[in-house]
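User: I'd like a close look at one part of this model, with the cut-offs spelled out as you go. Here it is.

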Amino acid sequence: KSEVQRAMEAAIATEKAANDAALATWLGALQQQRQEIEDVETQRRDDVEASEHQSLESSILVAFNELIAAAAAAEEKRRTLAMLREKGLQQFAEDEEARRKLGYPTHQDGDDVESGGVGNNEPAASNQRE
């Protein structure tokens with residue numbers, strides 16, 4: 001081989017090595033950019049999922065608070081009804097006692113209390129005389 005031919009082969013080999021190194025660097029940079037793009041996409045998906053999750057949590061929290069408010073309102077109504085029932089029973093007992101003291105028939109007597117027993121609003125003692 002001639003000196004020129006060897007010099008050309010050496011230059012070609014050097015250029016090929018330089019090209020291979022440049023190609024490897026370029027491929028490395030492309031792979032890094034690809035990874036960065038994938039990371040951005042993954043972060044975007046994670047952000048969307050987190051936002052959807054947060055929105056769902058917020059909706060659940062609102063619904064739960066509404067449920068608590070409804071339960072509190074129902075409990076307040078139950079307490080009010082229980083209080084009214086207790087007052088009604090107390091008033092009924094007081095009315096029965098007053099009727100008994102005045103000699104009118106009572107619910108315990110089994111008479112028609114609304115019409116006064118035998119048909120008028122006279123005390124039971126006067127009804128018995130008839």
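User: Is D47 buried or partly exposed, and at what relative accessibility? Please go on from there to the charges and the nonpolar surface in the helix around it.

Analyst: Bear in mind that this is a predicted model, where local features need pLDDT of at least 70, side-chain atom pairs count only at pLDDT 80 or more, and totals for chains, interfaces and linings use all residues. Residues are numbered from 1 along each chain as its sequence is written, and side-chain values use heavy atoms, with hydrogens and water left out.

Now to your residue. D47 counts as partly exposed because its relative accessibility is 42%; the scale calls a residue buried under 20% relative accessible area, exposed over 50% and partly exposed in between, with a 1.4 Å probe and protein chains only. D47 sits in helix α1, which covers residues 3-102 (helices are DSSP runs of H or I, at least four residues, numbered from the N terminus).

For a patch, residues need over 30% relative accessible area and no salt bridge, and like charges are joined within 9 Å, nonpolar side chains (Val, Leu, Ile, Met, Phe, Trp, Tyr) within 5 Å.

L23, W26, L27 and L30 make a nonpolar surface patch of about 390 Å², an area from the Shrake-Rupley method with a 1.4 Å probe. L27 is partly exposed, as its relative accessibility is 42%.

Then there are the salt bridges, meaning a side-chain nitrogen of Lys or Arg within 4 Å of a carboxyl oxygen of Asp or Glu. The whole structure has six of them. One joins E41 to R44 at 3.3 Å, N to O; these two residues of helix α1 are three apart, about one turn of the helix. E41 is partly exposed at 33% relative accessibility, and R44 is partly exposed too, at 44%.

R34 and E38 also pair up, again at 3.3 Å from N to O. They are separated by about one helical turn because they are four residues apart in helix α1. R34 is exposed, since its relative accessible area is 56%, whereas E38 is partly exposed at 35%.

Further along, R100 bridges to E97, with the closest N and O atoms 4.0 Å apart. Finally, E75, R78 and R79 are linked in a network of salt bridges.
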